[in-house]
Amino acid sequence: FYEVITDGFYARAMRDRLGLASGHVLFDHIETANALDRAYSLLKNQAMGQALDLVATNLAVANPEVKAFEFTRLFQPDAAFEGGVRERGVVWAVASGAERPRSWAGPERPADAAFARGLVEQIALAVGVAWTFGPLPADHPLADLLHPGRRLGVFADGACVGVLGEAHPGVVANFKIKRARPIFLQIDVDALLTPVGRAPYVEPSKLQPVARSVAFAVPRGVAVADVVATLRTAAPAWLEAVDVVDRFALDAEGGAAAWTLALRFENVEGGRSADAVNAAVDAMAAAVSAAWGAAGVAMRA
């Protein structure tokens with residue numbers, strides 16, 4: 001990613017391009033009085049507009065491959081803070097085009113929301129912070145600007161400290177971006193400065209972990225991430241991972257789907273019996289049925 005430096009101000013037209021109506025949390029700005037240039041009327045309270053401007057500018061000169069980042073500050077009107085302004089530092093990044101440079105080694109893969117998640121995971125590992133991912137809260141300032149099905153929140157100790165996802169198609173169209181799906185991520189700088197320490201190295205076991213698979217039919221309106229969270233809550237301490245390995249659409253509209261999940265259990269000492277693992281899987285599946293059965297989630301044979 002190339003580091004860029006953007007202006008601290010932008011024009012009032014930015015609100016229209018982002019589709020911000022009066023009453024939206026990002027509509028109100030700190031405004032300059034008698035600005036000599038209308039392009040610098042508002043002190044910025046979000047960075048996504050400038051990120052999309054950067055993508056649009058590159059596409060206009062036939063450069064479809066864009067990867068850029070910036071450390072910057074945002075300013076939000078807030079009477080609870082001194083001077084009526086809440087100021088916070090963020091780091092943002094935008095990517096459009098292929099995930100990596102073209103190569104003979106294989107076909108191109110687009111930089112998408114999954115790529116952004118992997119990027120955030122690498123940042124967390126390098127910095128030594130403990131972040132988790134989950135559904136982006138509906139009241140997050142950037143929620144309306146991101147694709148509703150391709151966005152995630154980044155959390156630290158239960159608080160949302162960042163966001164990632166694909167820019168909303170309606171917003172992308174307002175920036176005259178065609179045949180591209182920019183992805184955007186933003187992390188609070190404070191969240192980068194509170195490392196919890198790197199995990200100590202643990203020598204891998206010479207024994208194979210114990211693996212099981214479960215599948216659930218999940219109807220439209222239920223997030224598979226919530227089903228996975230219930231599985232984890234009901235799991236024993238020796239569950240190592242839950243991975244999504246398959247999705248099969250159950251209706252023509254693509255709403256309901258069967259999700260296959262791979263469960264991996266630690267077996268360092270080799271004493272993990274099949275009966276103990278099967279009992280744990282049964283308890284986890286029962287917890288999902290109790291929590292989501294009324295919503296239509298059902299275990300598949």
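Start by selecting His29 and Asn45: their side chains are joined by a polar contact of 3.1 Å (a pair of N or O atoms within 3.5 Å; within protein, one must be able to donate a hydrogen and the other to accept it, and residues adjacent in sequence count only if both atoms are side-chain atoms). This is a predicted model, in which local features need pLDDT of at least 70 and side-chain atom pairs count only at pLDDT 80 or more, while totals for chains, interfaces and linings use all residues. Residues are numbered from 1 along each chain as its sequence is written, and side-chain values use heavy atoms, with hydrogens and water left out.

His29 sits in the loop between α1 (13–17) and β3 (30–31); helices (H or I, at least four residues) and strands (E, at least two) are DSSP runs, numbered from the N terminus. Is His29 buried or exposed? His29 is buried, at 9% relative accessible area (buried means under 20%, exposed over 50%, partly exposed in between, with a 1.4 Å probe and protein chains only). Among the residues that His29 touches, leaving aside those up to four places away in sequence, are Arg15, Leu42 and Pro77; contact means heavy atoms within 4.5 Å.

Next, select helix α3, residues 113–127. At its start, a side-chain oxygen of Asp112 comes to within 3.2 Å of the backbone nitrogen of Ala114. After α3 comes Gly128, with a positive phi near 85 degrees. Colour Ala113, Phe115, Ala116, Leu119, Val120 and Ala124, which are buried. The buried residues of α3 pack against strands including β5 (66–77), β6 (85–96) and β8 (146–156).

Move on to the open sheet, where four strands follow the order β12-β13-β11-β14 with antiparallel pairing (two strands pair if DSSP finds at least two bridges between them). β12 (239–249) and β14 (298–300) are at the edges with a single partner strand each, so one side of each has no neighbour in the sheet. On average, neighbouring strands are turned by 30 degrees against each other, direction ignored; axes are lines fitted to C-alpha atoms, for helices over the stretch in contact, and angles run from 0 to 180 degrees between N-to-C directions.

Zoom in on β11 (residues 210–218) and β13 (residues 257–265), an antiparallel pair with nine bridges. Here Ala211 is opposite Arg264, and Ala217 has Ala258 as its bridge partner.

Terms used: Expected span 1.5 Å × (residues − 1).
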